[in-house]
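Subject: Structure for you to look at

Hello,

Here is the structure I promised to pass on. Please open it alongside this note, and my findings follow below.

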Amino acid sequence: MSEILFNYERVNPTTWAYLSSLLSLALFFKFSRFWTLRNIDLVLLILLAPALLCIKFGLEQAAAVSGSPDAATIEKLGYVWLFSVHALVLIRMLLDPLLVRRPLLEANLSVGGTTFLGVSLLLFLFANVITGEPAQADLFAAQRAEYLANLESSELENDNLAKHGPGFTLFYFLPHISTQRLIGDKDGEEVDISEAVVTAEAVDPKISTAEAITAKVVAILSQLLIVLGIVLVAARHFGNVETGIAIATFYLMLPYTAMWTGNVTHALPGALLVWAVLFYRRPLVAGILFGFLCGTIYHPIFLMPLWVTFYWRRGATRFAIGVACSLLALITTLIFTSTDFAMFLAGLQQMFNLQLPPEEGLAGIWGYWNPVYRLPLLVLFIGLSFSFILWPAQKNLGTLLSCSAALMIGTQFWHAHSGGMALAWYL
């Protein structure tokens, strides 16, 4: 009886992509007003799914013992598809400040039904994390506590300092849980992949129950913060909790959320940005959250011109003080968790990206394209960042949301360590 009623198997990503896309259209597509902006947004977000499936298939085949010879071609196709859809979404976000009318369009399902669906999706995604078996790489953050207690560093840590790109070094050791897989290995068992490529011999092979629980709890809390933040933003700043519930439900329904539920390096920065928006009327609190955001993954630092000019005389000083306090706290943490001065300098260099753009060891589409073409895109992105000092001339919450999303989308074009797949940074 227990195998019938309580046996849970995770849904295949391809199946989830089809089902979630059809359900999204049924719940949020306005069939009576076909040419509406929300319908366009809906289609653009659904178009992300084929790219993610191709990329995930290529990564899993590469991690498998006997990979398909066409895996690299399929993975490259996925990155090109993702690059193209990101370009369309970026244009959409840049055009958003020009809009003067945004009619309120409710979901096709009642508020009670949407809430029930959202909570159910949240539980299913959490079940994927709970039933998953984390690999050694996923548990490195929990195991690292033993090294920190003795002020020691492992070879794995020293190797990983140069693998993830700019950001807070300790942040990249947060655990990841692979929640969905497309393929299995030759023995029929699932293949686990992680952003950090490590071997089983690199860490202690013994996995304690406490370490496994720690890995799963961090993944669950990261997604929960995003969902709760979305609902609170809609309730506090737009006076419409129903729309917040609908948006949160749609986020949980996306194939990306199902595939990368346990990726903390994607979800936690997204949560920090959402909560910074939630507290935007309190510049000091927003600055503290924003400082932790910039310190952990570096890339949101290009949001500074937009956010400072948004506040300007209404709290720019308090916002800057909050950012400085957070960065100072991260630097202090780096001091006490570094084994020597050289390691501290290396962590500080990585945290603030004090180096020229690398041309080797790049991931994503830049693993296939000539990295030279990445440089003009980086220059254009920096120009876009500073252009928000002057445009839009009058900034409000709507422009803050759309322009922040535009910049975080822009990072996906030149960010060469996540392959442009950090969708939670802007979704």
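Predicted model: local features only at pLDDT ≥ 70, side-chain atom pairs only at ≥ 80, totals over all residues.

**Salt bridges**

Aspartate 41 and arginine 92 form a salt bridge, with their closest N and O atoms 2.7 Å apart. Aspartate 41 lies in helix H3 (residues 37-46) and arginine 92 in helix H5, so the pair ties together parts that are 51 residues apart in sequence. A salt bridge here is a side-chain nitrogen of Lys or Arg within 4 Å of a carboxyl oxygen of Asp or Glu, and by this rule the count comes to 2. In the other one, the side chains of aspartate 96 and arginine 92 meet at 2.9 Å, N to O.

Residues are numbered from 1 along each chain as its sequence is written, and side-chain values use heavy atoms, with hydrogens and water left out. Helices (H or I, at least four residues) and strands (E, at least two) are DSSP runs, numbered from the N terminus.

Aspartate 41 counts as partly exposed, at 22% relative accessibility.

**Helix H2**

Helix H2 covers residues 13-28, and its 16 residues should span 22 Å at 1.5 Å a residue; the end C-alpha atoms are 21 Å apart, which agrees. The expected span is 1.5 Å times one less than the number of residues.

Which residues of H2 are buried? They are Pro13, Trp16, Ala17, Ser20, Ser21, Ser24, Leu27 and Phe28. They cover an arc of only 140° around the axis, which puts them on the same side of H2; the arc is that of the directions from the helix axis to the C-beta atoms. On the face turned away from the buried side of H2 you will find the exposed residues Tyr18, Leu19 and Leu22.

Asparagine 12 caps the N-terminal end of H2, with a side-chain oxygen 2.9 Å from the backbone nitrogen of threonine 14. Tryptophan 16, with a relative accessible area of 12%, is 243 residues from methionine 259 in sequence, yet their C-alpha atoms are 9.3 Å apart in space.

**A nonpolar patch**

Leu88, Ile91, Leu95, Leu98, Ile382, Phe386, Ile389, Leu390 and Trp391 make a nonpolar surface patch of about 880 Å². Two or more residues each come from helix H5 (71-95) and helix H17 (374-387), and H5 gives the largest share, 3 residues. Isoleucine 382, in H17, is partly exposed, with a relative accessible area of 31%. Patch residues have over 30% relative accessible area and no salt bridge, with like charges joined within 9 Å and nonpolar side chains (Val, Leu, Ile, Met, Phe, Trp, Tyr) within 5 Å. Areas come from the Shrake-Rupley method with a 1.4 Å probe, and for residues only the protein chains shown count as cover.

**Threonine 296**

Finally, have a look at threonine 296 in helix H13 (residues 283-297), which is buried at 9% relative accessible area. Its side chain reaches the backbone oxygen of phenylalanine 292 at 2.9 Å.

Best wishes

Note on methods. Buried < 20%, exposed > 50% of the residue type's maximum accessible area, 1.4 Å probe, protein only. Polar contact = N/O pair within 3.5 Å; in protein donor to acceptor, adjacent residues only side chain to side chain.
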